[in-house]
Amino acid sequence: MSDYRIERDSMGERQIPSTVYYGIQTLRAVENFPISGLKPLPTYVDACLLIKKATAIANAELGCIPPEISQAIVQAAEEILQGNLRDQFVVDVYQAGAGTSHHMNINEVLANRALEILGDSKGNYQRISPNDHVNYGQSTNDVIPTAIRIGGLLALAHSLYPALDQAIAALNEKAIAFQDVVKSGRTHLQDAVPVRLGESFRAWARILADHSRRVKLAAEDLCVLGLGGSAAGTGLNTHPDYRFRVAELLSDLIDQPLHSAPHLMAAMQSMAPFVAVSGTLRNLAQDVIKISHDLRLMDSGPKTGFKEIQLPPVQPGSSIMPGKYNPVMAEMISMVCFQVIGYDTAITFAAQAGQLELNVMMPLIAYNLIQSIEILGNAIKALSEKCLQGIEAKEERCLAYAEGSLALVTALNPHIGYLNAAAVAKESLETGKSLRQIVLERGLMGEAELAQVLDLETMSLLPEAGN
C-alpha cells in the first residue's frame, strides 16, 4: 500500500498521506496558516457535523443526492460525533476568510470516511465528492454562520446554563445558612450600616439569575437559520423545500426550536445575534468579576484582613510562606472573565468588518463566541464546586465589625438629627467610646429606646418583597 494518494483541485495535484481523512484543500490550508496552533473547538466541529448530517438526510429525501451516499455521509458524521477521527480537523483558527478552509476540512473528512463505509478508497471523489455530495446545496457562506448558531446553542446548553444553575443553587443555600449572621456593610470601602451575610449571598444569586435570563433571551436569535441561502442568500442550487426541511431536522437533532430565517440574505450577512449573545456574556463576566473580588476581600487575612468568611483551601498558596492559602478559585474566574471581555471586543470588531453579501471574519467570531461560553461555564462550575459550596462564615468576626461600625449612628438620625449623630460619631472615633455610651452621656435618648433603635437584628433586615 502506498504511503500517499494523489488528489487534485483547481490549482493542481498534491500528495496526501494515505492515513489521513482530510484532503487537498485542507492540506493547503495547513500549509498556508501555521499561525496559532489553535484547532477548531470540539463543539464547533460537532455543530458542523450535525449540519452535514441534516443536509445529507434532507437532500436524499428531496432526491438531490443518492440514498446510499446520504446514508454513508450520515454514518460518517455519527461516528465522528461519537468520538472517532477527531484528530482530522486540523485547520488553524486563523485561516481563510469566512471559514472555507475549516468547512472543506469537514467536507473532505466526511467524504473520505463515507467512501470507506461503501468499501471504496479515500480520495475517489468521483463516487463521493466533498463538494458535489457532502456539500450539495450549501456554501461556506451559509454553513458557517449556521454552525456558529448551533455551536453557541450547544455550548450554552451543556456548559453555561448548568453552571449558572449550580452557582445560583449554591449561593441560595449559603444565603439560608448565613441568614442570621450580621456583618458590617461597606460602601466606598468604608464602614456602612449592618447587613445580613445571607442577604449578600442571596443578592449574588439574584444577580446571576438575572444574567441567565438575559443570556437566554439573546440566544433566541441563534435559532433563526440562514442555512439554504447558499452563496449569497438567493438559495442558488438548492431544492425549494430544502431550507425548511433541514431546519426541522436540526431542531430534532439538538432539541431546539430552530426555523428558517424569513430573509436568508439578512441572516447570512448580519453577525448581530452573535454580538448580542457575546454582550450578555461580557455583562455576566463583569458581575462575576465583582463577586469574585468581594469573595477575596471578605476572605482576606487571616490576621490582617476582614476574614468574615473562610473560602475552602484547595492548594498551598506559596512556594516560600508555609501555611499560606490563597483564594485561587476566585482568582481564576476573574482571569477567565477578563478573557471573555477581550473575546467580546474582538467579536464586536469582527462583526462590523463584513462587506456586501459576506462577513469574512466569521472564523474569529466562531472561536471567540463558543470559547467564551465554554470557559465561562467551566469556570463558574469549578467556582461552585471548589469554592461556593464550602464557604464558612466567621460569625464572631462579622458581629464584632458590625457592632464596632460608626455607621450604626445612621439609625439615630430620625431620633436625634443628622448633626447630633455626626457629633456622636466624631466623638466615638476620637475617644474610642461606644455610640451607646456617648448618646446616653449626652442625654440624647433613653436607654430602652436606644437599645431598640440600635438593634442589629432589626436594622439589618431587608424589607418584604413587593408583588
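Phe178, Phe201 and Trp204 form one aromatic cluster. The model is predicted, so local features need pLDDT of at least 70, side-chain atom pairs count only at pLDDT 80 or more, and totals for chains, interfaces and linings use all residues. Residues are numbered from 1 along each chain as its sequence is written, and side-chain values use heavy atoms, with hydrogens and water left out.

How many aromatic pairs does a search of the whole structure find? The search finds 4. Rings of Phe, Tyr and Trp (its six-membered ring) pair if their centres lie within 6.5 Å; planes under 30 degrees apart are stacked, over 60 edge-to-face, and the rest tilted.

Take Phe178 and Phe201. Their ring centres are 5.3 Å apart and their planes meet at 70°, so this pair is edge-to-face. The pair links distant parts of the chain, 23 residues apart. Phe178 sits in the loop between helix H6 (140-177) and strand E3 (182-187), while Phe201 belongs to helix H7 (residues 197-219). Helices (H or I, at least four residues) and strands (E, at least two) are DSSP runs, numbered from the N terminus. Both Phe178 and Phe201 are buried. Buried means under 20% relative accessible area, exposed over 50%, and partly exposed in between (1.4 Å probe, protein chains only).

Now go to Tyr343 and Tyr367. Their ring centres lie 6.4 Å apart with planes at 85°, so they too are edge-to-face. Tyr343 is in helix H11 (residues 328-351) and Tyr367 in helix H12 (residues 362-386), so the pair ties together parts 24 residues apart in sequence. Tyr343 and Tyr367 are both buried.
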